Amino acid sequence: MKEQHIESLLSDVLLFYFIRRQPNHESPAGLESDGACTSVSLPAKKRILTVCVRLFLEKGYKKTTLAEIIEKADVSYSSFQNIFRAKDGVLNELVEFMFSSQFGAARRITGEKLPPVYVYAVETAIQITLTELNENLREIYLEAYTQKEASEYIFRETAKELQRI
């Protein structure tokens, strides 16, 4: 029961912050209790991302099918392909969001008084903590670090962050 509450809370927090960071953000009010989005509530890309965050956290990345995403986001297969090409395209978008959010949170936590190397230490602690909270989120991290495009982004951006330090 406690794990379900944590998963639900984590899902809601990620959805809220992800949608807020998108251009012309709107409230996730269009998200229905079953995870489906209404057509008028959000543009197609936001609907797809919103549905994917919820499904990936609830079912796991590997167990979430493209058919489920398309159905719950109320988009056509061709629209999905035009926006993301494949499910790993969604993963890449989520990785970029999560990566920038984690380093941003780490900067806020460490503040100006601590040495810059603490930013990296806190960001790493955030990743470890998140992956321990939810097995499906852990799976997303594993996929991100093993898929070529996502892992290249992570390594490239981590190198930039370390250069700042």
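Q: How many residues of α2 are buried?
A: Helix α2 is mostly covered, with 12 of its 16 residues buried. Buried means under 20% relative accessible area, exposed means over 50%, and partly exposed is in between (1.4 Å probe, protein chains only). Helices like this one are DSSP runs (H or I, at least four residues), strands are E runs of at least two, and both are numbered from the N terminus.

Q: Before we go on, what kind of model is this?
A: It's a predicted model, where local features need pLDDT of at least 70 and side-chain atom pairs count only at pLDDT 80 or more, while totals for chains, interfaces and linings use all residues. Residues are numbered from 1 along each chain as its sequence is written, and side-chain values use heavy atoms, with hydrogens and water left out.

Q: OK, back to α2. Which residues are the buried ones?
A: They are Lys46, Arg47, Ile48, Leu49, Thr50, Val51, Cys52, Val53, Arg54, Leu55, Phe56 and Leu57.

Q: And what span should α2 have?
A: The expected span is 1.5 Å times one less than the number of residues. For the 16 residues of α2 that gives 22 Å, and the end C-alpha atoms are 22 Å apart, so the two agree.

Q: What comes just after α2?
A: Gly60, which takes a positive phi of about 105°.

Q: Let's zoom out. How many helices and strands does the protein have?
A: There are eight helices and zero strands. Read from the N terminus, the elements go α-α-α-α-α-α-α-α.

Q: What share of the contacts is between residues 24 or more positions apart?
A: Among contacts with a separation of 6 or more, such pairs account for 57%. A contact means heavy atoms within 4.5 Å.

Q: Now the packing. At what angle do α2 and α7 cross?
A: Roughly 110°, and their axes come within 6 Å. That's why α2 counts as roughly perpendicular to α7. On the α2 side the contact is made by Phe56, Leu57, Glu58 and Lys59, and on the α7 side by Asn136, Leu137 and Ile140. Sorted by class, those are four nonpolar, one polar and two charged residues.

Q: How do you get the axes and the labels?
A: Axes are lines fitted to C-alpha atoms, for helices over the stretch in contact, and angles run from 0 to 180 degrees between N-to-C directions. Under 35 degrees is roughly parallel, over 145 is roughly antiparallel, 65 to 115 is roughly perpendicular, and the rest is oblique. For the classes, Ala, Val, Leu, Ile, Met, Phe, Trp, Tyr, Cys and Pro count as nonpolar, Asp, Glu, Lys and Arg as charged, and the others, Gly among them, as polar.

Q: What about α7 and α8, how far apart are their axes?
A: The axes of α7 (residues 135–146) and α8 (residues 148–164) are 5 Å apart, and the helices pack at an angle of about 85°. That makes α7 roughly perpendicular to α8.

Q: Which residues meet there?
A: Ala144, Tyr145 and Thr146 in α7 meet Lys148, Ala150, Ser151, Ile154 and Phe155 in α8. This contact has five nonpolar, two polar and one charged residues.

Q: Switching to the loops. Where is Asp74?
A: Asp74 is in the loop between α3 and α4. It has a positive phi of about 55° although it is not a glycine. With a relative accessible area of 41%, Asp74 is partly exposed.

Q: And what phi does Arg85 have?
A: Arg85 has a positive phi of about 70°, and it is not a glycine either. Arg85 is in the loop between α4 and α5 (87–110), and it is partly exposed at 47% relative accessible area.

Q: Last one: what does Tyr77 touch?
A: Leaving aside neighbours within four places in sequence, Tyr77 is in contact with Leu66 and Ile70. Tyr77 is found in helix α4, and at 45% relative accessibility it counts as partly exposed.
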